[in-house]
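Okay everyone, thanks for coming. I'll walk you through a few spots I'd like us to look at together, so please get the viewer open.

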Amino acid sequence: MTSEEIKALDSQYVMHTYGRFPVAIDHGEGAKLYDPEGKEYIDFTSGIGVSALGYGNEAWADAIFAQGKKLGHVSNLFYTEPCARLAEILCRRTGMSNVFFANGGGEANEGMIKLARKYSFDKYGKGRATIITLNNSFHGRTITTLTATGQDSFHNYFFPFTEGFRYADADSIPALKAAAGGDVCAVMVELVQGEGGVLPLDPHYVKDLADLCAENDWLLLVDEVQSGVGRTGSLFTFQQYDILPDVCSFAKGIAGGLPMSGILANEKCRSVLTPGTHATTFGANPVCAAAGLYVQEVLSDAFLEEVKEKGEYLRDGIEALHLPCFGKTRGMGLMIGIEVADGYKNSEIAQKLIAAGLLVLTAGAGMRLLPPLVITKDEIDAGLAILKQTLS
Ligand code: PLP
């Protein structure tokens, strides 16, 4: 099919819930994508942080194929090796104790919220179920994770929303204390607010937050759906903040492009969710877990160091262009935000760049770059050349 035929068919039969760019993608290689007519795009988006290993990775596809031939699905009523092995690796590499596997980020966060409320219910009984989240955060699109999301624009249309969330400004312990009370069971944060604009939390604040949570027996819930799995240059971003959350959610890059997510619990929280209290049919699917095992093989410590270096290289390259529409860059590793100067609109900049062959994202009022973690310096240079040509 041609791009135009795909777009026409999609418009007719797929619900219009996405503000799609006018591009159809057919295949990819490394950090390059191609439309059906063969037009090339440098990809600074990795499918919103999912395709960590880029495209056309044969070893990844082989791992999926081999597992698919052996066992595609059997349900969580039975044990399977890929699930058990992936859980072991994640725990060993993070110091966490056990894992629950799910399918998407919002769903993983639902599990994290359920765990926090059950922890508190088991220990203190009813009436201590409130979770404090941060203003400008994003935690998902289910009814509950929309409420957890600290942005008013998401609290619309779908009333009634789930009760039991209060919001505090990021990086302010006084704001957190003002939102606190005897009904609080947990605080939930993204260490780098992704959709909100790629805004890393202040490390001092995070340390104080962890201490305050421990003092009050509030669970510290870290949403690493976007910032996890190597994106910021460590397997999880909490490892660079030198804290151990009580529960941490992950998704996006975990299986390199297949739908998989989950939560990691620390020792204190390992037994909170018991048989019958949480489940999902597709969770820990063997094919997704086999893909996840291959992703873990690639994400060695040396590879993660390179993610940090490439992130710095890309940020330095952007700042050296002195583009009139851009201010400073920010972020960690290959999770990069760019300020957009007054008088320019991020969506218009994105449209221009995409038409010129560079796929980019927006976040808040700025730009957001989440290239595949395997992107090469040549591919970064090709992207920088398009930025220069298009925006100078
Ligand atoms: N949490 C964070 C921090 C995210 O960035 C996202 C998605 O972008 C989600 C949760 C929701 O994930 P999903 O779209 O897989 O449900």
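Let's start at the hairpin that S13 and S14 form, with two residues between the strands. Look at Gly-333 in that turn: its phi is positive, about 55 degrees. This is a predicted model, by the way, so keep that in mind throughout.

Strand S13 covers residues 326-332, and it pairs with S14 in the antiparallel sense over five bridges.

Most residues other than glycine have a negative phi, and most peptide bonds are trans. With that in mind, let's go and find some exceptions.

Take Ser-46 to begin with. Its phi is positive, near 40 degrees, and it isn't a glycine. You'll find Ser-46 in helix H2, which is residues 46-49. Is Ser-46 buried or exposed? Its relative accessibility is 0%, so Ser-46 counts as buried.

Then there's Val-198, also a residue other than glycine, with a positive phi near 60 degrees. Val-198 sits in the loop between strand S8 (192-193) and strand S9 (199-200). Val-198 is buried, with a relative accessible area of 0%.

And the peptide bond? Go to Phe-159 and Pro-160: the bond joining them is cis, with omega about 0 degrees. Pro-160 belongs to the loop between helix H6 (143-148) and strand S6 (165-168).

Last stop, the inside. How many cavities of 30 Å³ or more are there? The count comes to one. The largest cavity holds about 40 Å³ of space. Its lining includes Gly-49, Val-225, Arg-231, Lys-252 and Leu-373. By type, the lining divides into four nonpolar, four polar and two charged residues.

And which domains does that lining draw on? At least three residues come from each of domain 1 (3-57 + 301-391) and domain 2 (71-298).

That's my tour, so over to you for questions.

Technical notes. Residues numbered from 1 in each chain as written. Predicted model: local features only at pLDDT ≥ 70, side-chain atom pairs only at ≥ 80, totals over all residues. Heavy atoms only, no water. 1 Å grid on protein atoms, 1.4 Å probe; cavity = no way out; pocket = protein on both sides within 12 Å on 5 of 7 lines; lining within 4 Å. Points joined across faces, edges and corners; volume = space filled by probe spheres on them. Nonpolar A, V, L, I, M, F, W, Y, C, P; charged D, E, K, R; others polar. Domains from an automatic or database assignment. Helix = DSSP H or I, 4+ residues; strand = E, 2+ residues; numbered from the N terminus. Buried < 20%, exposed > 50% of the residue type's maximum accessible area, 1.4 Å probe, protein only. Pairing = 2+ DSSP bridges.
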